[in-house]
Amino acid sequence: MSQTRRSVLSVLLLLPVVGTGLATVPAEAAGDYAQYARQVLASLPANSEPRPDLEAYLDKLVSSYRQANGRKGLAASDMLREAARAQAADMMYAGKSRHVSRAGHSFDQRFGAYVEAAELYKARGENAASDRKKGPADLAKAKGLFDLWLDSSGHRRNLMKRDYEFVSTGVIQRGNELWAVQIFWSKKMEPGSNPLLLIQ
């Protein structure tokens with residue numbers, strides 16, 4: 001297996017994420033996730049920074065790939081950009097790709113901190129990966145991360161979900177490393193329109 005393929009991968013499908021016991025602080029004690037995310041991003045070490053250029057590139061890659069394979073493209077959105085960046089930074093601090101913050105916030109908690117009535121978004125998901133190999137943190141390395149997602153059937157299935165409409169990608173560079181998170185979601189349904197929700 002090549003070094004690139006050994007890069008840490010993680011996938012979240014539209015199923016609940018079961019706690020792994022890796023959290024250092026219960027999510028309740030961590031307070032509001034949006035505040036936590038801003039603190040994580042404000043405390044990046046001197047050799048780390050967000051990469052808006054690579055975020056835009058990866059947003060376009062996922063949309064183009066979907067269109068080339070019979071799905072509608074996705075609109076790049078800033079709505080969950082901060083959440084994606086914060087999770088990428090959190091993974092960098094933890095040293096591995098994951099879908100739970102170091103403070104114990106699940107994907108659903110992180111998503112819900114940035115939207116009202118999260119239950120009205122019928123489709124949402126997240127892909128995460130890192131590349132810690134030598135070499136410049138450039139477009140080629142970002143494309144390599146995207147190729148890792150495509151080479152993983154779970155990640156590819158996740159990014160091809162039919163109901164998705166939007167994507168926010170967060171990329172953090174630390175030296176030559178890239179840490180990336182893509183969050184996908186559907187349009188918000190009207191309250192009362194989902195027969196599976198008994199209370200609205």
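## Starting at Glu 82

Leaving aside residues up to four places away in sequence, Glu 82 touches Ala 34, Arg 38, Leu 41 and Tyr 114. This is a predicted model, so keep that in mind as you look around. Glu 82 belongs to helix H4, which covers residues 81-94. Is Glu 82 buried, exposed or partly exposed? With 25% relative accessibility, Glu 82 counts as partly exposed.

One of those neighbours deserves a second look. The side chains of Glu 82 and Tyr 114 make a polar contact at 2.6 Å.

How many aromatic pairs does the structure hold? There are eight. One of them is Phe 107 with Phe 111, a tilted pair with 6.0 Å between the ring centres and 45° between the planes. Both residues sit in helix H5 (residues 107-112), four residues apart, or about one turn of the helix. Phe 107 is buried at 3% relative accessibility, and Phe 111 is buried too, with a relative accessible area of 1%.

Phe 111 has another ring partner in Tyr 121. Why is this pair called edge-to-face? The ring centres are 5.5 Å apart and the planes stand at 80°, so the pair is edge-to-face; the cut-off for that label is over 60 degrees. The pair links distant parts of the chain, with Phe 111 in helix H5 and Tyr 121 in the loop between H5 and strand E4, 10 residues apart. Tyr 121 is buried as well, with a relative accessible area of 9%.

## An enclosed strand

Follow the chain on from that loop and you reach strand E4, residues 124-131. Eight of the eight residues in E4 are buried, so the strand is largely enclosed by the rest of the structure. In a regular strand, side chains alternate between the two faces of the sheet. In E4 both faces are covered: Arg 124, Glu 126, Ala 128 and Ser 130 are buried on one side, and Gly 125, Asn 127, Ala 129 and Asp 131 are buried on the other.

What does E4 pair with? Eight bridges join E4 to strand E6 (residues 177-185), and the two run antiparallel. Within this pairing, Arg 124 stands opposite Trp 185 in E6.

## A stop at Ser 48

Another strand to visit is E2, residues 48-50, which includes Ser 48. Ser 48 has a relative accessible area of 8%, so this residue is buried. Not counting residues up to four places away in sequence, Ser 48 touches Met 92, Ile 172, Gln 173 and Arg 174.

## Stepping back

Now for the whole protein. There are seven helices and six strands, and from the N terminus they run β-α-α-β-α-β-α-α-β-α-α-β-β. The protein has 200 residues, and 48% of them count as buried.

Methods
Residues are numbered from 1 along each chain as its sequence is written. This is a predicted model: local features need pLDDT of at least 70, side-chain atom pairs count only at pLDDT 80 or more; totals for chains, interfaces and linings use all residues. Side-chain values use heavy atoms; hydrogens and water are left out. Buried means under 20% relative accessible area, exposed over 50%, partly exposed in between (1.4 Å probe, protein chains only). Contact means heavy atoms within 4.5 Å. A polar contact is a pair of N or O atoms within 3.5 Å; within protein, one must be able to donate a hydrogen and the other to accept it, and residues adjacent in sequence count only if both atoms are side-chain atoms. Rings of Phe, Tyr and Trp (its six-membered ring) pair if their centres lie within 6.5 Å; planes under 30 degrees apart count as stacked, over 60 as edge-to-face and the rest as tilted. Two strands pair if DSSP finds at least two bridges between them.
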